[in-house]
Amino acid sequence: MELEDIFEGLNEVFRDVFDDEDITVNASTTSEDIEDWDSLEHINLIVAVEKKFGMKFSMGEVTTMKNVGEMAEIIKSRI
Amino acid sequence: MKNIVKAISFLVILIIVIDFVGQIFIPRWNDEWIATPIIKDFYDLPKNSLDVLAVGSSQVVRGFSGLELYKNYGISAYGIGTGQQSIQSSYAWIKESTKTQNEKVVCLEIKMLFEDTPEEQNRKALDNMKFSSNKLESIIDIAWKEKSYETFISYLFPITRFHSRWKEIGSENFIEEIKATNYRGYSLENEVSGNLDYVPVENNIPYDAFIEEERYECINNIIKYCKEKNIGLIFFKMLDMDWDIERHNRVEKIAKENDITFFDFNMKDLMNEVDLLYAADTSRNNHLNIYGAEKTTNYLGEYIKEHYDIEDKRGKDEYKHLDRQLEQYNNDVQNAKIVNIFNPNEYIEALNQKNFTVILVKNNLPNATTLEYNKMINDLGLDISKVYKSNYYAIIEDGKVIAEEGADQNIHLETMVDTVRPVIIDTQKASINFEGTEQSNFHQGFDVLVYNNKSNNVVESSYINFENGIPVIGR
Amino acid sequence: MILTSSIYLTFLVILLFLYYIFPKKMQWLLLLLFSFIFIAFSTSDVKAYLYILYTVLVSYVGSNIIGDAKNEKQKKRIQSITVILLFIQLVFLKYLNFVGSSSINFINLFGVNLSWTNLSIIAPIGVTFYTLIAIGYVIDVGRGVSKPQLNILKHALYVLYFPQLTSGPFTRYMDMEKTLYSKHKFEFKNVCFGFQRIIWGFFKKLVISERMAIMVNTVFDNYSEFPGIYIVIATIAFAIQLYTDFSGCMDIVIGSSETLGVTLPENFDTPYFSKSISEYWRRWHITLGTWFKDYFFYPILKSNIFQNLQSKLKKVFGKKWGKKLTTYCGMFILWFTVGLWHGGATKYIIGSGLLHWFYIVSGEVLEPVFNKIVKILHINKENFLFKFWQIVRTFILVCIGDLFFRSTSTADAINMIKSLGVNNYTEIFKGALLNLGLDFKDLAIAISGILLLLTISLLKQKYKIREEIKEKNIGYRYAIWISLIVFVLIFGYYGTGYDAASFIYQNF
């Protein structure tokens, strides 16, 4: 899968998890950029992304990923 | 490089500030034991002007009167004694003294060879010592004994020890207010204990007391140091209720081994030689009073004069300051002693001393013709015809009658003594009002007010009564 | 070793001297040596060394076996075993009596009549801190976040690094390994700023915290004599005491590490300026929060159990509430554990745990209600007064938790809350503040200290204080730092005549 498609998929997930149709993410998006993305929502987000792309993040990746770009790279390498 | 300079300059300024602030917080030990003045005045002595240094505990402060040595032998002396001063501190002070003085003799009071010094007293000996390797050694010594780094820091930076006094810091920490006069390390005490429980020490037990290792090492260091510096060392032990033959023996042993003279003023023979009597020569807290101090110090002086070649300093220009000090000392001793006199002849003699202004008012005293009565009138230089009148007063200055009046009716006199001090005398009431305060005892006989012109203070008010023609002094 | 002592300062100065003179590749060895010296000065119990050795060895061996493991399953298994081994020691040293008495109480519910005698076990300094740091490290190795440290001495240094040893902050190995073992050139600024921070820590602890402690102890140790207004005063005083004590300790610790060129993470960010409890926990004991989040909370939420629970709850309560309720359950476990970490007693579980769970959950549940009220009253959320209200409200909530934390037991805390009803509140105008062990002068100093702290905290929001001071001229700079040092020397609560209490968190 190409990164472009991954980002498209991520947009869908983000909009669904945060209940906001206007969200668009890119490589540099972080939790600072999205209002409800706090540590509590992070796990829900991760799980939703895992479900969407049929892969699993390691706990290490969950706690150390810095932005959506990293997330996308990991997804790309897993599928 | 620039940074090192910055860092060092910061630290230096910091230490100076901390030290300065610390000085404000160190308690002023200005009470009757004058620990702070003794040390501060020592540093102010003219360089190389000292012949004899006495060191020890409070026994020295009350027992060694340096000015006696100057008065009678022309010897310049000073005593450094703080409360329970440890042997180690005495050693530190001996070493400290040779930095500015070249004394020929050190007299060491050896009581503390057998005792511990509590922290508060250690501070008195050390906190006002100028910082030097000598002081550092003493601090390290104390801290090592307590196995406490915090102790080391607290002596190095007194602010850390005394900062809790911040609530009490007031003007007295900035202005020197001294409550007792420092007579070259001597604090004047005139109280007479009257304690008859004291028993002189006798040579009846052959055992030695035990000296703690550190103190034993220290005393040997002192001996060695004095030998190296060619300073004569004398051990002495002041008259003291808390002393025994065992401790005497121990010190005697050390003295003999090192060829050091040891004067133990508790030993029966020496006491007799010096004419010491515990009841008369000590005050109530087991320290010598002025009478004991005079005898003890002069005895030491006699010995020093005989065995050491010390130039007589009396009359020399560089020692004029000692003359001034001696004058004040003599005057204060005069004031101190008169209040203890009960012998009428002695008392009359005392009243006639220089610097005294004496005011007498007759109070309801029947005229007498006894020998004693006439002697008193005579010795005081009074006019008996005036004395016989029912109303009578007299003012005596420096032993001379300067005013006197006798009358049948009341005499009310308002006058000045010492030029500026107002006195109101009323013979009917037998009142002597001095500077607004009533001083008369209103006792039958002659009510007496003694005032000292030099020290500008009322010395005492007493009365001289005649019971069955015999004079009685009362207060 | 007490951090606010001349011994510690001398210890640090000697270390610094050697550190920057020694060949740079030996610097980390020097740190290890001095960490052991620090431990030696902090405990006279030989067993303490054994406990420490156990933690170091178990985490070293475990992490290296993980490193050699062939597959994920094996890695996970070794990780679990190692973590459990480390955890067991922690329970044994800190929670034995709690576990024991709780278990006995539970068994007794069934009619059995046993009793538990408390064993006296002296926990070595910082065991709750360095054990978690070791556990975090092992988990990171298991997750592939970090590679295991092959050198056992270097590993020991990470676990026992003396600045973080007694009270944290909780560091991450992946951050520390970058600076802990590297060569450090002497940087004047680091040493200066480090010491400035240390002085600030001394100030907070010795001038403010110790004085607050007096008032707090007077009331909490005898609360029946001090109802109503006194409970309020003492609780607020405790909030201040706890903050100045703990953050002061952090200042000293982080500042010390700064002088060595090793950066430690911040643990506090003016927490009492928080506008909500959630925000509070992002600003109070920050590294504890992140540790529990990464190593405890996330694994729980991501676990199959919780994912299944979420699916079930979603079916019953709908998507939104299904998610929320699952999170609330997870948070319950989290906060229970956080409370328990603070101590094996219900007062900790409540005061530093479940009470906050309750605050956060009810805050979220009631959010629509609050929003409605704000709308009806036409309140501007950006208005300074509204923000101020949020800060005060948060502080009050925190204080209630602090009351439980400090009181001798939950029962006592409840009694104290009940006694708030006693109406003696006007006594504040009659000098109530002076009835708690501090006289006027001491109180004045404490309040001056607090005002200074408040000012600096406010300035910190905008400026980097030490940088700002550095820019001023030399006379100004010297005056500031010398004045601060002298102020602490004069007004600090230390030395003869004071009972200097060890840092509150030091026995954790």
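At what angle do helix α1 of chain B and helix α20 of chain C pack? The structure is a predicted model, in which local features need pLDDT of at least 70, side-chain atom pairs count only at pLDDT 80 or more, and totals for chains, interfaces and linings use all residues. Residues are numbered from 1 along each chain as its sequence is written, while chains are lettered from A and ligands numbered from 1 in the order in which they are written.

Helix α1 (residues 2–25) of chain B packs against helix α20 (residues 474–491) of chain C at an angle of about 40°, and the two axes are 10 Å apart. Helices (H or I, at least four residues) and strands (E, at least two) are DSSP runs, numbered from the N terminus; axes are lines fitted to C-alpha atoms, for helices over the stretch in contact, and angles run from 0 to 180 degrees between N-to-C directions. The angle therefore makes α1(B) oblique to α20(C), where angles under 35 degrees count as roughly parallel, over 145 as roughly antiparallel, 65 to 115 as roughly perpendicular and the rest as oblique. On the α1(B) side, B:Phe10, B:Ile13, B:Leu14, B:Val17, B:Ile18 and B:Val21 meet C:Tyr478, C:Ile482, C:Ile485, C:Val486, C:Leu489 and C:Ile490 of α20(C); residues are in contact if their C-beta atoms, placed from the backbone, lie within 7 Å. The residues of this contact comprise twelve nonpolar, no polar and no charged (Ala, Val, Leu, Ile, Met, Phe, Trp, Tyr, Cys and Pro count as nonpolar, Asp, Glu, Lys and Arg as charged, and the others, Gly among them, as polar).

Chain B also contains an open sheet of five strands in the order β2-β1-β3-β4-β5, with parallel pairing; two strands pair if DSSP finds at least two bridges between them. Strands β2 (77–81) and β5 (261–264) of chain B form the edges, each pairing on one side only. From one strand to the next, the twist averages 20°. Strand β4 (residues 232–237) of chain B runs parallel to β5(B) and is joined to β5(B) by four bridges; B:Lys237 has B:Asp264 in β5(B) as its bridge partner. Helix α5 (residues 87–100) of chain B packs on the sheet, where it touches β1 (52–56), β2 and β3 (105–109) of chain B, and its direction makes about 160° with that of β1(B).

Domain bounds come from an automatic or database domain assignment. Chain B is divided into domain 1 (2–335) and domain 2 (343–474), whose C-alpha centres lie 43 Å apart. Their contact takes four residues from domain 1 of chain B and six residues from domain 2 of chain B. The domain 1 side has no nonpolar, three polar and one charged residues.

Chain C is divided into domain 1 (6–185), domain 2 (187–268 + 425–508) and domain 3 (273–406). The C-alpha centres of domain 1 and domain 2 of chain C lie 29 Å apart, and 18 residues of domain 1 are in contact with 20 residues of domain 2. On the domain 1 side, two or more residues are given by each of α1 (6–21), α5 and α7 (162–165) of chain C, with the largest share, three residues, coming from α1(C). This side divides into nine nonpolar, eight polar and one charged residues.

The contact between chain C and chain A takes 13 residues from chain C and twelve residues from chain A. On the chain C side, α5 (127–143), α12 (286–302) and α13 (304–342) each supply at least two residues, and α12(C) provides the largest share, six residues.

Key:
Contact = placed C-beta atoms within 7 Å.
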